[in-house]
Structure formats: C-alpha cells, structure tokens
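User: I would like to go through this model with you. Could we start with the core?

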There are 2 protein chains.
Amino acid sequence: VLGIDPGLVDTGFGLLEAGPAEVAVLDVGVISTGRAAALEARLHVLHGTLQGIIAARAPALLVVEDLYAEYRFPRTALLMAHARGVIYLAARQFGVPIIALSPAEVKRAVTGNGAAAKGQVQLSIQTLLGLNEPPRPSHVADALGLAVTGLARTTGWRPGRSRR
Amino acid sequence: VLGIDPGLVDTGFGLLEAGPAEVAVLDVGVISTGRAAALEARLHVLHGTLQGIIAARAPALLVVEDLYAEYRFPRTALLMAHARGVIYLAARQFGVPIIALSPAEVKRAVTGNGAAAKGQVQLSIQTLLGLNEPPRPSHVADALGLAVTGLARTTGWRPGRSRR
C-alpha cells in the first residue's frame with residue numbers, strides 16, 4: 001500500500017507491505033520540485049517520479065489525503081488538486097486502485113481517536129511500524145498514516161486495537 | 001493555438017491557426033467522460049485524448065481558463081483543478097507552453113470590454129472567426145475565446161480592433 005501526501009513543492013510517500021506477522025516499511029521519501037519551477041514542470045516531475053515508484057513496486061493500493069478539509073486555504077487546495085490530478089492519473093495508468101481518506105479517518109485508524117493531536121499520531125505510527133523515531137518530515141508521517149489506514153482497510157489489520 | 005475549457009464531465013477545446021490573411025478554425029470539440037465514472041478514469045480519458053490532439057496537431061501554445069474566478073463553488077473548482085493538472089501535464093510532456101487567462105481577459109480581448117455578456121462574446125467570436133453561427137456548446141465557445149486571446153497575444157493580432 002502506497003500512501004501519498006500530495007503537495008506541489010513536496011509530496012511525501014510511504015510504502016508499506018503487510019507480512020504474516022508484521023507490517024514492513026519498504027520505502028519512504030519526499031518528491032521535491034523546485035518552488036520556482038512552473039506548475040507544469042512540477043506536475044511533470046511528480047507524475048514521472050510516481051510512475052517510477054509504482055512501476056518498480058507495484059503497490060496494490062494508493063491512498064491519498066482527501067481535499068475537503070482544505071477549504072480554509074482555497075489557493076493551496078487548488079494547487080494541491082492539480083497534484084492530485086496527476087496522482088490519480090498515474091494510479092489509473094497502472095491500473096492501481098486509489099482511495100482518498102480524510103485526516104480524521106487516518107487519526108481514528110491510527111490512534112483510535114479522530115481528533116488526536118499530530119504528535120500523538122506520529123507516536124502511534126512509530127509504535128505500529130516499529131520505527132526507531134517518529135517519522136519525519138510531516139509529509140512522510142502523513143503518507144505513512146494514510147498507508148497504515150489503507151492497509152487496515154484492505155487487510156483487516158486493526159492497528160488501533162491489536163497493537164495497543 | 002489550442003484553447004481548452006476544462007471540466008471533469010465535458011472539456012471543450014478549439015484549435016486555431018493564424019494564416020497570412022485570416023484565422024482558421026482547425027478543430028473544435030468536447031471531450032466527454034462519463035458522469036458516473038471514477039475520478040481517475042475521467043482524468044485518464046481527458047489526458048489520453050488531449051495527448052492525441054497535441055500529438056496530431058502540434059499546437060504552438062495551450063491556453064486554459066484560470067481558476068481563481070471559481071471560488072464561489074469550491075467543490076467545482078477543486079474538481080476542475082484535477083482536470084487542469086492533467087492538462088498541464090500533457091502540455092509539459094509535449095513541450096508545449098501553456099498559459100492561463102481569466103474570463104475577463106478573454107472578454108476584453110474578444111469584445112474590447114472585460115465585462116461583456118456571454119452572448120456578446122459568442123457573437124464576437126463568430127464574427128472574428130467567420131463562423132456561420134455562434135459557437136456551441138458553451139465549453140467550445142469558451143475554448144475558442146481562450147484560443148483567440150492566446151493567438152492575439154502570441155501573434156500581435158488584435159481581434160478587438162482590426163476586425164470591428
């Protein structure tokens with residue numbers, strides 16, 4: 001399951017695989033595009049890099065953050081929607097299903113509380129995935145949260161219950 | 001010059017070519033995707049069709065409508081931004097420059113009045129391009145307006161003055 005936290009400057013991703021006993025983090029990273037680059041150039045880098053990751057890793061599912069929480073910053077939301085457009089396109093081009101989850105759904109799945117603080121979410125992700133420290137930067141943490149939640153949905157793994 | 005009026009259900013396009021004496025309409029149409037189709041499927045159809053048009057026609061410039069007038073309908077604007085994302089991507093993939101124009105800029109270029117009524121814009125486009133009737137549907141009319149304005153910018157053609 002590949003979680004993606006879309007942005008136009010930095011897009012975080014985290015790739016998880018469910019094994020028989022535990023969930024493994026296969027890859028995490030940030031796709032960065034120049035802040036000064038034109039919109040079309042940034043979308044091209046994002047789409048091309050994502051195509052490479054999907055081709056190499058063949059995830060069973062893509063999970064992105066839903067956009068509807070972003071209305072307070074309409075310009076940011078609109079730019080992120082452009083990024084989401086090429087992410088959805090890449091998913092479809094490789095025939096990988098893609099779902100969108102709200103931040104509240106991720107918080108609930110990861111911590112059991114849909115209104116959990118950001119630090120609590122990161123600590124829970126660290127525990128769930130057996131990481132040495134909380135995931136950073138925040139785009140990667142959010143991408144891992146999306147992937148954990150997507151994995152819980154597709155495999156029946158219940159991170160908020162079985163590991164706490 | 002290829003004008004594109006992006007939508008997720010229907011995207012209008014209009015392709016213009018400036019000849020020595022007049023501007024020719026090479027192609028107009030609507031790229032329709034099923035209203036019931038998933039977002040990723042609609043973006044895939046839009047991107048693929050647009051790639052085909054760009055590959056076949058090699059326009060010198062793409063012109064799309066700017067989004068910032070759409071804040072009154074944030075959900076619509078967000079969906080349109082996804083469509084714009086794959087349009088910008090297609091432009092970049094073929095190395096075609098792409099610009100965004102506001103409705104007011106188009107109205108001003110086409111009629112000389114940035115606050116012209118829709119019907120007036122369509123009549124002006126009909127006259128400028130020597131069409132037998134006003135362009136329809138409105139997605140095509142808007143796409144032609146964008147292309148006319150883009151052409152005026154790149155060639156120095158001044159539609160609002162020389163033809164009226």
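User: Which residues touch the most other members of the largest nonpolar core?
Analyst: This is a predicted model. Its largest nonpolar core has 46 residues, and those touching the most other members are Leu2(A), Leu62(A), Ile87(A), Leu2(B), Leu62(B) and Ile87(B).

User: And what does Leu62(A) touch, beyond residues up to four places away in sequence?
Analyst: Leu62(A) touches Leu2(A) and Ile87(A), together with Ile4(A), Ile54(A), Ala91(A), Val96(A), Pro97(A), Ile98(A) and Ile99(A). As a general point, nonpolar side chains in soluble globular proteins tend to be buried together.

User: Next, Leu144(A). Where does it lie, and is it buried or exposed?
Analyst: Leu144(A) is part of helix 5 of chain A, residues 138-155. Its relative accessibility is 2%, so Leu144(A) counts as buried, the cut-off being under 20%.

User: Which residues is Leu144(A) in contact with, leaving aside neighbours within four places?
Analyst: The contacts of Leu144(A) are Gly14(A), Leu16(A), Val25(A), Val28(A), Ile125(A), Leu129(A), Leu131(A) and Pro135(A). For one of these, Ile125(A), the C-alpha atom is separated from that of Leu144(A) by 7.4 Å, with the two residues 19 apart along the chain.

User: Changing topic: how are chains A and B related?
Analyst: Chain A superposes on chain B through a rotation of 180° with 0.0 Å of shift along the axis, at an RMSD of 0.0 Å. The two copies are therefore related as by a two-fold rotation axis.

User: Through which surface do the copies meet?
Analyst: They meet through the same surface, because 100% of the interface residues of chain A are also interface residues in chain B.

User: What about strands 2 and 3 of chain B, how do they pair?
Analyst: Strand 2 (residues 10-18) and strand 3 (residues 23-32) of chain B pair in the antiparallel sense over 9 bridges. They form a hairpin with 4 residues between them. Asp10(B) has Ser32(B) as its bridge partner in strand 3.

User: Now backbone geometry. Which peptide bond in chain A is cis?
Analyst: The bond from Arg136(A) to Pro137(A) is cis, with omega near -10°. Pro137(A) is in the loop between helix 4 (118-129) and helix 5 of chain A. In chain B, the bond from Arg136(B) to Pro137(B) is likewise cis, with omega near -10°.

User: Which phi does Ala58(A) have, and where is this residue?
Analyst: Ala58(A) has a positive phi of about 45° although it is not a glycine. Most residues other than glycine have a negative phi. Ala58(A) is in the loop between helix 1 (39-57) and strand 4 (62-65) of chain A. At 58% relative accessibility, Ala58(A) counts as exposed.

Key:
Residues are numbered from 1 along each chain as its sequence is written. Chains are lettered from A and ligands numbered from 1 in the order in which they are written. This is a predicted model: local features need pLDDT of at least 70, side-chain atom pairs count only at pLDDT 80 or more; totals for chains, interfaces and linings use all residues. Side-chain values use heavy atoms; hydrogens and water are left out. Copies are superposed by least squares on the C-alpha atoms of residues with pLDDT of at least 70 in both. Contact means heavy atoms within 4.5 Å. Two strands pair if DSSP finds at least two bridges between them. Helices (H or I, at least four residues) and strands (E, at least two) are DSSP runs, numbered from the N terminus. Buried means under 20% relative accessible area, exposed over 50%, partly exposed in between (1.4 Å probe, protein chains only). A nonpolar core is a set of buried Ala, Val, Leu, Ile, Met, Phe, Trp, Tyr and Cys residues joined through side-chain atoms within 4.5 Å.
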